[in-house]
Amino acid sequence: SPLLVEDHVYISVETSRPKNGLLVKVDRRSGQVVWSSPWLGEQPHSSPVWDGLHKRIVVGANNAFLFSIDAATGKIVWKAQTSGAVRATPSIH
């Protein structure tokens, strides 16, 4: 599912050959891509989540990593390894 935050839509994008993926930020009015994150290393099945405190997007991927991505730049701020593929939507608490 896409994530709408103010004037932007964040979308997890999967590729099949090779199996990879990234997060894109799209201007909701023009439809123009603002940025694409670096490749995440595997397909991001989870829906992106807004971390309003840090102004970041959190998304998980099939390679067992959870990523925090800066909403302004699209750069990966941190990633955390989990015990398996992250297919469910993360929760911010």
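Here is a short chat about the salt bridges in this predicted model.

Colleague: How many salt bridges does the structure hold?

Modeller: Side chains of opposite charge can pair when their charged atoms come close. Aspartate 7 does that with arginine 28, and aspartate 7 also pairs with arginine 29. The count for the structure is 2.

Colleague: What is the N to O distance between aspartate 7 and arginine 28?

Modeller: Aspartate 7 sits in the loop between β1 (3-5) and β2 (8-16), while arginine 28 is in the loop between β3 (19-27) and β4 (33-36). The distance is 3.5 Å.

Colleague: And which parts does the pair of aspartate 7 and arginine 29 tie together, and how many residues apart are they?

Modeller: This salt bridge has an N to O distance of 2.7 Å. Aspartate 7 comes from the loop between β1 and β2, and arginine 29 from the loop between β3 and β4, so the parts tied together are apart in sequence by 22 residues.

Colleague: Is arginine 29 buried or exposed?

Modeller: The cut-off for exposed is over 50% relative accessible area. Arginine 29 has 62% relative accessibility, so arginine 29 counts as exposed.

Note on methods: Residues are numbered from 1 along each chain as its sequence is written. This is a predicted model: local features need pLDDT of at least 70, side-chain atom pairs count only at pLDDT 80 or more; totals for chains, interfaces and linings use all residues. Side-chain values use heavy atoms; hydrogens and water are left out. A salt bridge is a side-chain nitrogen of Lys or Arg within 4 Å of a carboxyl oxygen of Asp or Glu. Helices (H or I, at least four residues) and strands (E, at least two) are DSSP runs, numbered from the N terminus. Buried means under 20% relative accessible area, exposed over 50%, partly exposed in between (1.4 Å probe, protein chains only).
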